[in-house]
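Me: Hi! Could you walk me through this structure while I have it open?

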Amino acid sequence: MWNFSCPLIVYGDNSLDYLAQVKGKKAFIVTDKNILKLGLIKPVTDKLDEAKIQWEIFDDVEPEPSLTTIKKGGVAVGKYQPDWVIGIGGGSCMDAAKAIILLLARPELEPESLSVLEEFNFRTKARLMAIPTTSGTGSEATWAIVLTDTKDNRKLGLGSTECMPDVAILDPVMVMGMPPQITADTGMDVICHAIEGYTSVWGTSMTLGPGLIATRLTLEYLARAYKDGGDLEARKEMMNAATMGGMSFGNSMAGLAHSTGHALGAIFHVPHGRAVGLFLPYTMEYLINESAETTAKYAEIARYCRVASSGSDKECALALVARIRALAGELGQPLSVKDCGVGQAEYEKEIPRLIERALNEVMTMTVTRIPGEEDLGRIFKYAYEGKSIDF
Ligand SMILES: [Fe+2]
């Protein structure tokens with residue numbers, strides 16, 4: 001038995017108008033101080049005022065939110081007793097909102113124990129809304145939550161299938177001011193979600209569509225959004241692509257670019273989208289070299305995205321890899337770990353830890369060619385030098 005979950009998606013110009021028709025009494029807004037400073041909360045609270053919904057802002061969310069912050073948010077939401085919890089921001093704010101609404105239902109739980117095994121039934125108290133201010137994580141359309149245990153400096157992949165937002169509002173006004181570097185980093189995350197979701201061994205005919213369309217939109221619009229942040233069409237289509245990317249990998253699974261990229265990000269503090277985007281071409285080459293099944297899927301994407309029109313599956317798949325490298329180049333993204341500014345000696349010393357972290361990720365197992373320690377070590381080495389994978 002399979003299921004496909006996604007929120008009600010309100011998108012396009014003036015999508016925030018949806019808020020004026022929302023039924024409820026009190027909204028608890030989860031965000032960060034930067035979003036507040038950028039003036040991105042006011043258009044939301046103006047609409048809530050119109051709808052006569054009271055609101056309170058919790059703006060303590062930091063990047064990769066800590067368990068301590070979530071606990072603090074849990075206490076605040078418990079005092080406020082809202083009937084809506086609204087996450088406004090990038091993945092961190094939306095993930096924090098998901099964790100905080102779970103604590104509204106089960107205040108006795110420690111944030112690290114939020115898991116798919118618990119029942120929360122939080123909708124008897126409140127509903128969940130996500131309003132993204134970046135086009136990347138797809139968190140508005142997934143039930144996953146990433147938190148940080150600052151004591152052990154570990155990332156925790158938590159979540160409950162109940163955490164799928166009820167509503168996601170994709171209003172382009174929320175992303176128009178996004179700086180080029182964040183547009184590039186988060187946009188590379190989108191193409192990873194789309195392609196890895198499309199090729200995941202847990203993918204089904206339900207997840208293929210959003211993955212395919214999200215890839216084409218990213219190839220068509222990401223460079224435009226990066227070069228001209230005021231390009232409304234490009235911004236809108238990248239918002240759609242990010243949410244579809246979330247629908248794709250959120251209902252299947254991401255893959256090797258995510259497990260290797262996570263490892264690099266955790267040890268060398270490279271931003272998520274930049275790290276996974278960097279590994280995507282290398283991990284695609286690794287799969288192309290041995291897996292006819294995944295190569296055929298890459299070729300389908302390449303043909304659909306008009307990256308290649310003739311040639312064998314392998315030629316089309318490699319054309320897609322080249323197109324992704326060209327896109328990263330257009331965005332000024334690093335094409336190798338060396339380009340990220342990581343020192344060689346320090347990197348080589350950490351290769352065993354990089355391998356260990358990648359092996360501990362489920363995303364290393366949801367591809368059609370599962371690397372062992374040795375292959376992972378070689379992938380990490382080749383990616384440092386910027387050398388195409390030839391094994
Ligand atoms: Fe990602």
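**Glycine 74 and beyond**

Me: Where does glycine 74 sit?
Reply: Glycine 74 lies in helix α3, residues 67-80. Helices here are DSSP runs (H or I, at least four residues), numbered from the N terminus. This is a predicted model, in which local features need pLDDT of at least 70, side-chain atom pairs count only at pLDDT 80 or more, and totals for chains, interfaces and linings use all residues. Residues are numbered from 1 along each chain as its sequence is written, and side-chain values use heavy atoms, with hydrogens and water left out.

Me: Is glycine 74 buried or exposed?
Reply: Glycine 74 is buried, at 10% relative accessible area. Buried means under 20%, exposed over 50%, and partly exposed in between, with a 1.4 Å probe and protein chains only.

Me: And what does glycine 74 contact, leaving aside neighbours within four places in sequence?
Reply: Ile100 and Leu103. Contact means heavy atoms within 4.5 Å.

Me: Switching topic, how many disulfides are there?
Reply: The structure has 0 disulfides, a disulfide being a pair of cysteine sulfur atoms within 2.5 Å.

Me: Last one: how far does helix α5 reach?
Reply: Helix α5, residues 180-199, spans 29 Å from its first C-alpha to its last, close to the expected 28 Å. That expected span is 1.5 Å times one less than the number of residues. Of the 20 residues of α5, 17 are buried, so the helix is largely enclosed by the rest of the structure.

Technical notes. Helix = DSSP H or I, 4+ residues; strand = E, 2+ residues; numbered from the N terminus.
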